[in-house]
Amino acid sequence: MDIAAYHADPAVSKSHLDQIARSPLHYWSRYVDPNRELIEPTPAMRLGSALHCLVLEPELFDGQFITAPAVDRRTKAGKAEWDAFTAEAGNRTVLSVDERAQISRMAEQVWCHKAAAYLLSQDGKAEQTIKWQDPETGLECKCRPDWMINSGQILVDLKTTEDASPAGFQRSMASYRYHVQAAHYTRGVRHGIAADAEQFIFICVEKKPPYAVAVYASTQLVISAGARIADRDLLRLAECRANKTWPSYSDQIETIDLPKWIND
Amino acid sequence: MTESNAITRANSEPAAGSLAYLTDAACFEHIWRVGKAFAASRMVPTHFQGKPEDCFVALQMAMQLGVNPLLALQNITVISGRPGFNAQFAISLANQRGPFTGPITWSSKGKGNDLAVTAKAVIAATGEQVEVTVDMGMAVAEGWTRNPKYKSIPEQMLRYRSATWLIRLYCPEVLMGFSSTEELQDMNTVQRTEVKDVTPVKASTLDDLNQQIAKAEPPAATEVVITQDEPDATDADDIF
């Protein structure tokens with residue numbers, strides 16, 4: 001299954017869980033609304049997928065990405081060159097020269113990291129789609145581990161980040177709910193391909209020079225906390241689908257307090 | 001061409017002198033001191049800084065080849081314990097000392113996965129044109145493309161590979177059996193990928209995994225990145 005088919009499949013992914021967690025209305029607007037608009041990939045998303053391809057499936061890279069020539073489109077010659085390029089590019093994703101250089105550096109640094117290079121050199125499969133039925137809610141679920149070692153024994157996820165330090169990546173885990181991903185994927189391999197994922201490992205590479213790389217394995221606490229949240233989200237989604245109601249935030253006045261972490 | 005960057009033999013019989021350090025204590029001492037001086041210099045690549053032992057070995061290589069020691073240090077890398085020359089350096093050595101008339105030249109055809117590069121030279125003694133062609137299909141089949149440089153600068157990598165191959169075939173004496181950095185990297189990436197089937201991970205705990213990582217070969221590209229990413233001396237922070 002290619003990435004477009006994966007995204008089009010209505011089974012519940014980790015991104016689906018993120019949307020329902022925000023509010024059912026957000027989920028509806030992104031995935032159910034018959035008049036929804038396709039989401040254009042942001043530059044950050046484009047960078048992320050190009051890096052994934054270059055690191056994990058380099059043989060597919062040229063078929064999916066192409067680097068734009070640096071031409072002045074205001075001149076006649078420049079415009080002709082650009083038109084020729086657009087024709088050649090077809091439906092490949094166009095990267096700027098700078099983006100192309102950036103992902104090369106990032107990929108290089110990933111391969112220069114001892115643990116990352118080790119993990120990526122093991123017998124593994126990139127970008128495999130896994131589907132299963134959630135035993136609690138009966139919802140059809142899906143996930144797509146970046147890199148799966150020993151048929152699911154170790155799951156590896158490549159992340160681009162501003163700050164790959166332990167504290168920096170902890171913040172990313174909280175903002176982007178990577179614990180939910182770790183739990184959802186771990187379950188995916190258990191129910192989908194009957195494998196026992198012993199590790200869920202993040203390879204984090206910074207987006208700016210020196211493109212520092214760090215590799216983190218999730219603790220059991222991360223997985224169990226993520227699993228609780230995933231359960232809550234799945235349950236909420238199942239209810240919304242059953243009732244066909246997609247509420248947003250509260251329609252009353254709610255009090256607001258400072259976040260817990262600022263209380264001390 | 002100035003004396004400092006010309007690749008010319010310092011004297012006609014360097015090989016005889018280059019082994020003297022094995023039997024002559026004073027000679028050994030002297031080379032060791034020179035090695036220490038280079039190791040203390042910030043003008044040698046970072047992988048030689050603070051490593052007098054490595055500088056010592058590199059100086060041996062320089063003497064063997066009869067090239068300027070600084071030039072040798074700039075162009076020798078160590079990958080998984082094997083010293084190698086940058087392909088550029090190997091090519092310039094072959095151009096100046098090899099059996100060819102004129103320098104090695106290249107032609108390329110095809111694009112993307114069909115890219116093929118041919119390195120050519122003419123042997124002076126016979127006038128025979130010799131060539132070696134390397135293509136992306138071979139790079140993929142041999143597993144070299146795991147090295148991201150085959151994506152970022154494929155033609156350059158194929159030029160390096162075809163030329164070093166040509167040198168290895170027609171004038172192996174120029175490199176005296178040493179490999180080029182690029183060959184070593186490619187071999188290393190291949191070894192890394194081949195390890196796949198041989199030693200499956202048996203890591204139920206993170207400690208197991210980290211132990212295996214500690215035992216693994218260092219990643220191929222590390223040394224290259226150090227040599228290539230060194231900032232120019234024009235970087236203000238480096239001068240002051």
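Visitor: What makes the nonpolar surface patch in chain A?

Guide: A:Leu258, A:Trp261 and A:Ile262 make it, at about 380 Å². Patch residues need over 30% relative accessible area and no salt bridge, and nonpolar side chains (Val, Leu, Ile, Met, Phe, Trp, Tyr) are joined within 5 Å. A salt bridge here is a side-chain nitrogen of Lys or Arg within 4 Å of a carboxyl oxygen of Asp or Glu. Mind you, this is a predicted model: local features need pLDDT of at least 70, side-chain atom pairs count only at pLDDT 80 or more, and totals for chains, interfaces and linings use all residues. Residues are numbered from 1 along each chain, chains are lettered from A, and side-chain values use heavy atoms, with hydrogens and water left out.

Visitor: Why is A:Leu258 called exposed?

Guide: Its relative accessible area is 53%, and exposed means over 50% (buried is under 20%, partly exposed in between, with a 1.4 Å probe and protein chains only). So A:Leu258 counts as exposed. You'll find A:Leu258 in the segment after α11 (220–243) of chain A.

Visitor: How do you know that β7 and β8 of chain A are joined?

Guide: Eight bridges link β7 (residues 154–161) to β8 (residues 199–206), running parallel. Pairing takes at least two bridges found by DSSP, so these two strands qualify. For instance, A:Leu155 has A:Phe200 in β8(A) as its bridge partner.

Visitor: What makes helix α9 of chain A pack on the sheet?

Guide: Helix α9 (residues 166–176) touches β7, β8 and β9 of chain A, where contact means heavy atoms within 4.5 Å.

Terms used
Helices (H or I, at least four residues) and strands (E, at least two) are DSSP runs, numbered from the N terminus. Axes are lines fitted to C-alpha atoms, for helices over the stretch in contact, and angles run from 0 to 180 degrees between N-to-C directions. Patches are made of residues with over 30% relative accessible area and no salt bridge: like charges are joined within 9 Å, nonpolar side chains (Val, Leu, Ile, Met, Phe, Trp, Tyr) within 5 Å. Accessible areas come from the Shrake-Rupley method with a 1.4 Å probe; for residues, only the protein chains shown count as cover.
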